[in-house]
Structure formats: structure tokens, C-alpha cells
Amino acid sequence: MVFVNLCILLVIILVAAEIFTNALEHLGQRLKISEGVTGSIFAAVGTALPETSIPLIALLSFSQNIDVRHDISVGAILGAPLMLSTLAIFIMGVAAFKKRGVKGSLSPELSGLKRDLNYFIVAFLIAGLALYIPKELNELKYFVGISLILIYFFYVRETIRASSELVEKGHVTEADRPMFISRLGFSDNKITIIVQLMIGLGLIVIGARGFIYNIEIVSNMLGVSVLLLSILIVPIATELPEKINSVLWIRRGRDTLAFGNITGAMVFQGTILPGIGIMLTPWEAQKELLFLFVATLLGALWLRYLAYNSSIKIWHLILNGTFYLGYLFLVLT
């Protein structure tokens with residue numbers, strides 16, 4: 001029965017992603033903003049909010065086992081960037097394979113892609129080095145944590161500043177389909193756009209929450225540690241289904257939105273949440289976490305190299321998937 005529930009919840013998430021991305025395109029078009037802002041900030045943060053609540057809820061939980069709370073928080077915080085920079089990028093490439101072939105090209109707007117990756121790589125390196133801050137240096141931990149949070153706000157400011165120039169170059173967000181809610185007889189305006197966004201996001205939250213509950217039932221049968229379970233299961237159950245937005249966009253040739261949805265989420269998940277984790281958890285070096293940082297940064301650095309060469313082929317993204325498989329091999333064997 002649990003597997004039937006998972007299938008039903010996945011269908012709910014798929015439908016919700018279609019509703020959300022459709023409204024988001026109309027919002028971006030109405031505001032006359034670039035696809036980079038729509039994908040990297042609006043879509044990325046909007047769909048990241050459900051899984052963001054998981055480590056926060058774990059930290060604020062009244063559970064007596066503080067070690068379990070910390071393991072869930074750290075695993076959920078760091079598992080998302082790992083999944084995004086490796087598995088999500090790979091799946092997006094697979095989605096584009098049918099129409100473009102293994103040697104087909106992907107053409108996101110490169111300045112925004114480079115900016116996302118630059119911010120993420122720097123922030124995640126800082127978060128990794130923070131694993132070695134001694135416990136007694138609490139002031140330094142708080143300084144690093146607050147600095148990571150501030151990095152995200154600098155990133156948002158720079159992304160918005162670049163929007164007007166990109167719009168002039170033709171990278172304005174354009175909706176290529178009517179808004180779904182308008183087909184029911186409602187007028188196409190800002191209010192109905194927000195209503196459809198809320199409906200889509202609400203269904204994503206419901207689907208993701210149910211997905212987590214049922215995944216945890218299955219995972220209990222496997223006897224996996226709390227930290228490793230949080231790293232592997234929670235992000236896949238929350239972040240990955242919501243990145244279906246990128247699959248939908250890449251299949252329709254909206255490469256900038258597709259990449260921005262993932263790399264923008266990487267910046268959000270690589271700054272705000274690690275900053276909170278550094279301040280509120282032990283944030284100590286462990287084998288699972290060290291391998292995680294290496295695999296995540298390899299995925300991001302590989303994408304940054306492709307962006308530097310201004311050439312991204314579908315087959316290039318296979319390597320991102322191998323980084324995730326490599327991590328699984330190292331921590332499960």
C-alpha cells in the first residue's frame with residue numbers, strides 16, 4: 001500500500017509543478033523581468049520553502065534526543081545541495097535527451113548561470129571549512145553563519161540588478177501557454193496569478209510532506225542511520241520532486257528557466273540553511289559529510305567549467321550523475 005501512496009503523491013507533485021510553473025511564467029512576463037530572475041530566485045526559493053522547513057522543524061522540535069534532531073537537520077541541510085548539483089542536473093539532461101539526442105546542446109543564459117555557480121561554490125566551500133571550527137569558538141561559528149546568510153542577500157541584489165540588461169537583450173520571461181486558471185473563466189490578472197501560484201505551491205507542499213512520510217516508512221525497513229537517511233532520503237523526497245519544474249522547462253526548450261530553477265536553489269540551499277546549521281548544530285566533520293562536500297563541489301565545478309567554455313551538451317550532464325553514484329558507493333560500502 002505504501003508504494004501505491006508514493007505513486008499517487010508523485011502524480012500530485014507532477015500536476016502541482018505544472019500549475020506552479022505556468023503561473024510563474026505569467027508573473028515573470030507581467031513584471032517584465034528576466035528569465036534568470038524568474039528561475040533563479042522566484043522558482044528556486046518558492047519550491048525550496050517546503051524542504052527548508054524540515055531542518056528548522058527538527059531544530060525546534062521538542063524531541064528529547066538532541067543528537068537525532070541535529071543529525072536530521074544537518075543531513076537535510078547538506079543533502080539538498082548534493083542532490084541538486086548531481087542527481088537533479090543529470091535528470092534534467094535525461095529529460096532533454098529524447099528531443100535533442102545525446103550530443104544535443106543546452107543553451108541557458110550563461111552570465112546568470114556563472115553567477116549562480118560562483119556564489120554557490122564560494123559559499124559551500126566556506127560551509128565545508130566550518131566543519132573544522134573548534135566547538136569552543138562559538139563567536140567564530142556565528143560570524144561564519146551570519147556571513148553565509150548575508151552572501152545570499154548580496155546574490156539576490158546582483159541577480160535583480162542584472163535583470164534589466166538581460167531583458168534588453170531578449171531574455172525577458174514569456175509565457176507560451178494561457179494560464180490554467182483563466183481556462184475556468186477567471187480573468188488573467190495579478191490576483192489570479194498569485195492564486196494559481198498558491199494552489200500549485202500548496203499542492204507541492206502536500207505532496208512532498210506525504211512523500212516524506214511514506215519514504216520514511218520504507219527507509220525504516222532498511223535500517224539506515226539517521227544522518228545518512230536525512231542526506232539521501234529527505235532531499236530526494238522533497239527537493240527532487242519539486243525540481244520537476246526544470247524537467248518541464250527543459251523539455252519545452254526553456255533552458256534558462258530550467259537551469260536557474262536548480263542553480264538558484266543551490267545558492268539558497270548553500271547559504272541560508274548551512275548558515276543556520278553552523279550556528280545551531282555541532283557542525284562537525286564526519287565521513288559522510290566530507291564525502292558529501294567533495295561530490296557536491298565536483299558537480300558544481302564541472303558545471304562552472306562547462307559554462308566557462310560556453311558549451312553544455314546533454315552528455316556532459318551524465319558526469320553529474322556519476323558523482324552522486326560515487327557518493328552512494330563510498331558511504332554505503
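A: In this predicted model, the count of salt bridges comes to 2. One of them joins the side chains of Asp 255 and Arg 100, with a distance of 2.7 Å from N to O. Asp 255 belongs to helix 9 (residues 255-280) and Arg 100 to helix 3 (residues 66-100), so this pair ties together parts that are 155 residues apart in sequence. The two partners can also be described by their accessibility: Asp 255 counts as buried, at 4% relative accessibility, whereas Arg 100, at 26%, counts as partly exposed.

Lys 135 forms a salt bridge with Glu 284, and here the closest N and O atoms are 3.1 Å apart. This pair, too, links distant parts of the chain, since Lys 135 is in the loop between helix 4 (110-129) and helix 5, while Glu 284 is in the loop between helix 9 and helix 10, 149 residues apart. Lys 135 is exposed, with a relative accessible area of 58%, and Glu 284 is partly exposed, with a relative accessible area of 31%.

Leaving aside residues up to four places away in sequence, Glu 158 touches Arg 115 and Tyr 119. The C-alpha atom of Glu 158 is separated by 9.8 Å from that of Gly 112, although these two residues are 46 apart along the chain.

Tyr 119 leads on to the aromatic side chains, because ring pairs link Tyr 119, Tyr 152, Phe 153, Tyr 155 and Phe 268 into a cluster. The structure as a whole holds 7 aromatic pairs. In one of them, the rings of Tyr 152 and Phe 153 have their centres 6.3 Å apart and their planes at 75°, so the pair is edge-to-face. Tyr 152 itself counts as buried, at 6% relative accessibility. By contrast, the rings of Trp 302 and Tyr 305 have their centres 5.8 Å apart and their planes at 20°, so that pair is stacked. Both Trp 302 and Tyr 305 lie in helix 10, 3 residues apart, which is about one turn of the helix. Tyr 305 is partly exposed, with a relative accessible area of 45%.

The protein chain has a mean pLDDT of 82, and 80% of its residues reach 70 or more. Among the elements of the chain, helix 10 (residues 287-308), which holds the Trp 302 and Tyr 305 pair, has the highest mean pLDDT, at 96, whereas helix 2 (residues 35-60) has the lowest, at 64.

Definitions and conventions:
Residues are numbered from 1 along each chain as its sequence is written. Side-chain values use heavy atoms; hydrogens and water are left out. pLDDT is the predictor's confidence in each residue, from 0 to 100. Helices (H or I, at least four residues) and strands (E, at least two) are DSSP runs, numbered from the N terminus. Contact means heavy atoms within 4.5 Å. Rings of Phe, Tyr and Trp (its six-membered ring) pair if their centres lie within 6.5 Å; planes under 30 degrees apart count as stacked, over 60 as edge-to-face and the rest as tilted. Buried means under 20% relative accessible area, exposed over 50%, partly exposed in between (1.4 Å probe, protein chains only). A salt bridge is a side-chain nitrogen of Lys or Arg within 4 Å of a carboxyl oxygen of Asp or Glu.
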